[in-house]
Amino acid sequence: MRRNKMASLLVIAVVLVASLVSITVAQEQSSSGGLRDLFSGILGKSTPVQQVVEQQRVVPKSQAVLQYSYAPLVKSAAPAVVNVYAERMVRQRSPFGNDPFFERFFGQRTPGRSRKQSSLGSGVIVHSSGIIVTNNHVIDGADEIKVALADGREFPSRLLLKDERVDLAILKIDDDEAFAALDYSNSDQLEVGDIVLAIGNPFGVGQTVTSGIVSALARNRVGVSDFGFFIQTDAAINPGNSGGALLDMDGRLVGINTAIFSRSGGSNGIGFAIPANMVRAVVDAAISGSEKFNRPYIGASFSTVTADIAEALGLDKASGAIVTAVVKGGPAHAGGLKVGDLVISLNGLTVNHPDALGYRLATAGVGNVAVFEIISRTRVKTLTIKLAPPRKKTADEEARISGSNPFAGALVASLDPVLAEELRIRASAKGVVVVDVERGSLANRYGFRPRDIIIAINGQQVGTAGEMVKIVNEEPDAWRIELNRNGRRIRQVFR
């Protein structure tokens, strides 16, 4: 009896399934809805979430779309990216130098040998006349500089201008040929997330292209130069890429690849480039015939905004550049800027920190008028300040040391708040600062470096550059020097 009932139930189930199938087929023929939609989840069809995803995935409509590529952009830009070869003669000390035994036989110190040392980097042609921009550290100290084009041809080049603070150097190919050149992009319009390409010669393997995005903007305290307004990108940048091009999707130059953050020496996805607007300003100075890139002088120094200052001013975050000193009679003083004012923008562009303000001033240019937006005693104000050329210093304020003393070849200057801020030295530091040291000079051989602060010489305190010149001209038998180097007090004796 039970078996008969089970058989009957099985037959009924089969009939129902057959009916449902027939209904489904009939409704699919007449409509896309009905039972198919009702059972779609059970039957493994697309859920509402899956349907949204599927709508976002578009099947390419043509073969041309399937072949989307950066290749056309690279083909147009690559001829303007060059390899830079810098060669310098380096004197090697003989292993027998200063050995009394050999001096006894040869009657003098065994001479060292010279050898040629080469460095490799990249560069970008930015003018059809053969004007090339690269990094200063690529060509620093070079006796000869050659460039190789993408087609393999090589040309000698000469140095027009270099700026160690921003780490840029401008070269010129002396040839009448019209060279392929890159146009500048307005790097101030760059945004985080924009796609960029990096072209250079990493590890000397030949011209290479990598892609990535802009990871961050206005990066400072990178530690590779005094410049503090880098574009950060994850496009692979490696040794040899220095001086190469960072391009936007229109094939224009948005930056010069300069440095990487790496513990291994290879790319870790954090690279830094100098913005094109800064590059343009330095190149324009070189084309105009200037041997130096002059930054505007406003006669004020600035400091970073701390969290406490931001809270006191009612700011949501610590941002801007706070005025710490104003030179009486200078452009900033004439324009109404006061100690304690907070600069938040310049010419309508945000100022996040003092380095950003320095970048905005440098790219605004000498002789122009800049509009400062400031917060002064909780009130927002707008000031107009004339950007003056660098102030010429008197002989007592700045001097190039000469003679046969350990400082010969050093450019020294009296410290003041503006110079201290410019050189990233504590404003409270006292003495005379070394601004520059000529390559191969006595000062260079004795190991003096830019930013060294000379405190005393042979027991005499040094307050101004003029005082230092008088002291070194005395030419004593021995030199007892006290200096401040990176916050450490150092005493040295030279005979």
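A salt bridge is taken here as a side-chain nitrogen of Lys or Arg within 4 Å of a carboxyl oxygen of Asp or Glu. The model is predicted, so local features need pLDDT of at least 70 and side-chain atom pairs count only at pLDDT 80 or more, whereas totals for chains, interfaces and linings use all residues. Residues are numbered from 1 along each chain as its sequence is written, and side-chain values use heavy atoms, with hydrogens and water left out.

**View 1. Salt bridge between Asp436 and Arg400.** The N to O distance in this pair is 3.2 Å. Asp436 belongs to strand 21 (residues 432–437) and Arg400 to strand 19 (residues 398–400), so the contact ties together parts that are 36 residues apart in sequence. Helices (H or I, at least four residues) and strands (E, at least two) are DSSP runs, numbered from the N terminus. Asp436 is partly exposed, with a relative accessible area of 23%, and Arg400 is partly exposed at 38%. Buried denotes under 20% relative accessible area, exposed over 50%, and partly exposed in between (1.4 Å probe, protein chains only).

**View 2. Salt bridge between Asp452 and Arg485.** The closest N and O atoms are 2.7 Å apart. Asp452 lies in the loop between helix 14 (442–445) and strand 22 (453–457), and Arg485 in strand 24 (residues 479–485), 33 residues apart. Both partners are buried: Asp452 has a relative accessible area of 1%, and Arg485 has 9%.

**View 3. Salt bridge between Asp174 and Arg158.** Here the closest N and O atoms are 2.9 Å apart. Asp174 is in the loop between strand 6 and strand 7, and Arg158 is in strand 5 (residues 154–163), so the pair joins parts that are 16 residues apart in sequence. Arg158 is partly exposed, at 40% relative accessible area.

View 4. Strand 10 (residues 245–247) and strand 11 (residues 253–260) are joined by 3 bridges, and Leu247 stands opposite Leu253.

**View 5. Surroundings of Ser187.** Ser187 occupies the loop between strand 6 (168–173) and strand 7 (195–200) and is buried at 8% relative accessibility. Beyond neighbours within four places in sequence, Ser187 contacts Val254, Pro275, Ala276, Asn277 and Tyr359, where contact means heavy atoms within 4.5 Å.

Key
Pairing = 2+ DSSP bridges.
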